[in-house]
There are 2 protein chains.
Amino acid sequence: MKTRSKDTRSHILEVGRSLTARQGYVGVGLSELLKAADVPKGSFYHYFRSKEDYGCALLEDFVAQYQQSLADTLGNKELPARNRFLGYFEGWLEKQIGPSLQDRCLVVKLSAEVAELSPDMSRILQEGVNSILSSLTETLEQGISDGSIAPLDDPHSLAQSIYYQWLGASLVAGLSHDDAPLKATMEATREAVPAP
Amino acid sequence: MKTRSKDTRSHILEVGRSLTARQGYVGVGLSELLKAADVPKGSFYHYFRSKEDYGCALLEDFVAQYQQSLADTLGNKELPARNRFLGYFEGWLEKQIGPSLQDRCLVVKLSAEVAELSPDMSRILQEGVNSILSSLTETLEQGISDGSIAPLDDPHSLAQSIYYQWLGASLVAGLSHDDAPLKATMEATREAVPAP
DNA sequence: ATAGCCGCTAGACGACTGGTCTAATCGTAC
DNA sequence: GTACGATTAGACCAGTCGTCTAGCGGCTAT
């Protein structure tokens, strides 16, 4: 085994992520995964208890990284909160357009598949969603405070509406490999978050 | 073979629908499907050229039925258009709550899975989405005409926003088996479609 | 009636992949 | 060089999709 920058476990998860972002969870078999990662099949059960255990690790990894990038984007206190909020969705738009399926949102890709398959994986995604919604709500509140967003009745409801809309738009955009639904949603988002 | 109310092909599709609504497309193997349908394996390839051909038939069937029920709900000219519009989403809410996964929306369940798997299946779902969006837009326009909905800048954008929001909310609701996201979306929908 | 026909069924079979496990090997520390 | 944990090879079998042949059973035409 050649030396690898990261340890084998992380390496498997990294390769798994890019494969899974394209083909789904069930759609990536262990053989394919391990071949792509250049890890012998026998090693798998040294690093993970089962495929589901691996799936959970994959999602935990994803959620953790996502939260980090969320903190970077939404937490940058230099910008007015409204810009940070819109910037988050601009980033989403760009990721979905780019050809690197690698970075696509696993909530969109895996939620439906995992829902009736693995309670553990569902829970991890669920918690990721909640944490994103909290961050978005908080940013809206900051925007009201800093004056970049006009006062709102219920920031949490708005954050929820917008986030769900992006999930749905991504689903449809994936079907047609066309970013029009996302661009329309970007426009709708701008209008839904009024500057004062 | 006992007499069956419908022909075998339709029967396979019907059983396939309920299995697929729960387990996804890849998640239902031919053996499981045919065993559940009590149809011998040899028959499958008499009715379908391949599993993908069956998948397309499944989706075409679903889309056709969906369009029918859409016409029934949105086309009922007795009611003001706003009531018909909101009624459609109330129906969605009820279906998702009920334990009969059978009736759940296959756009939500299969879009992500099918996107990178089968262009044909993707196209059928895509066309279903477009047709739903057209019907919703049309109903909004009728509402503006009949006075049940206050004038809107762009009915199509609004229909799109609302529909995407429901897709996303359904995805998340499935994760937690909790209808809160859908109820919140129902409320948001009511507010987004203002009576004059 | 009966012969012929054909839509449909039965289910074995092949080539392959799925996730899992045990037994053996490797690498390092003493 | 022995001990011992970390790592791997590859067997394992249930299950995958898809194919194929044999023949049932119910029509129709004569």
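Which residues are the closest to DNA strand D? In this predicted model, 14 residues surround DNA strand D, and the closest are A:Pro40, A:Ser43, B:Leu30, B:Lys41 and B:Tyr45. Three elements each supply at least two residues of the surface near DNA strand D: helix H3 (44-47) of chain A, and helix H2 (30-37) and helix H3 (41-47) of chain B. Among the atoms of DNA strand D within 4 Å of the protein, 56% belong to sugar or phosphate, and the rest belong to bases.

Several side chains approach the phosphates of DNA strand D. For the side chain of A:His46, the corresponding distance to a phosphate oxygen of DNA strand D is 2.9 Å. Chain B takes part through B:Ser31, with a side-chain N or O atom 3.4 Å from a phosphate oxygen of DNA strand D.

DNA strand C is likewise surrounded by 14 residues, and the closest are A:Leu30, A:Tyr45, B:Pro40, B:Gly42 and B:His46. Of the atoms of DNA strand C that come within 4 Å of the protein, 65% are accounted for by sugar and phosphate. Phosphate oxygens of DNA strand C lie 2.8 Å from an N or O atom in the side chain of B:His46 and 2.9 Å from a polar side-chain atom of B:Tyr47. A base is also contacted: a polar backbone atom of B:Gly42 is 3.2 Å from a base nitrogen of DNA strand C. Two or more residues of the surface near DNA strand C come from helix H2 (30-37) of chain A and from H3 of chain B. H3(B) gives the most to this surface, with four residues.

The two protein chains were then compared.

Helix H9 (residues 180-192) of chain A has 13 residues, which should span 18 Å at 1.5 Å a residue; the end C-alpha atoms are 18 Å apart, in agreement. The buried residues of H9(A) are A:Pro181, A:Leu182, A:Thr185, A:Met186 and A:Thr189. These residues lie on the same side of H9(A), because they cover an arc of only 140 degrees around the axis. They pack against helix H5 (81-97) and helix H8 (155-176) of chain A, and against helix H8 (155-176) of chain B.

Technical notes
Residues numbered from 1 in each chain as written. Chains lettered and ligands numbered in written order. Predicted model: local features only at pLDDT ≥ 70, side-chain atom pairs only at ≥ 80, totals over all residues. Heavy atoms only, no water. Expected span 1.5 Å × (residues − 1). Buried < 20%, exposed > 50% of the residue type's maximum accessible area, 1.4 Å probe, protein only. Arc of directions from axis to C-beta. Contact = heavy atoms within 4.5 Å. Near = heavy atom within 4 Å. Polar contact = N/O pair within 3.5 Å; in protein donor to acceptor, adjacent residues only side chain to side chain.
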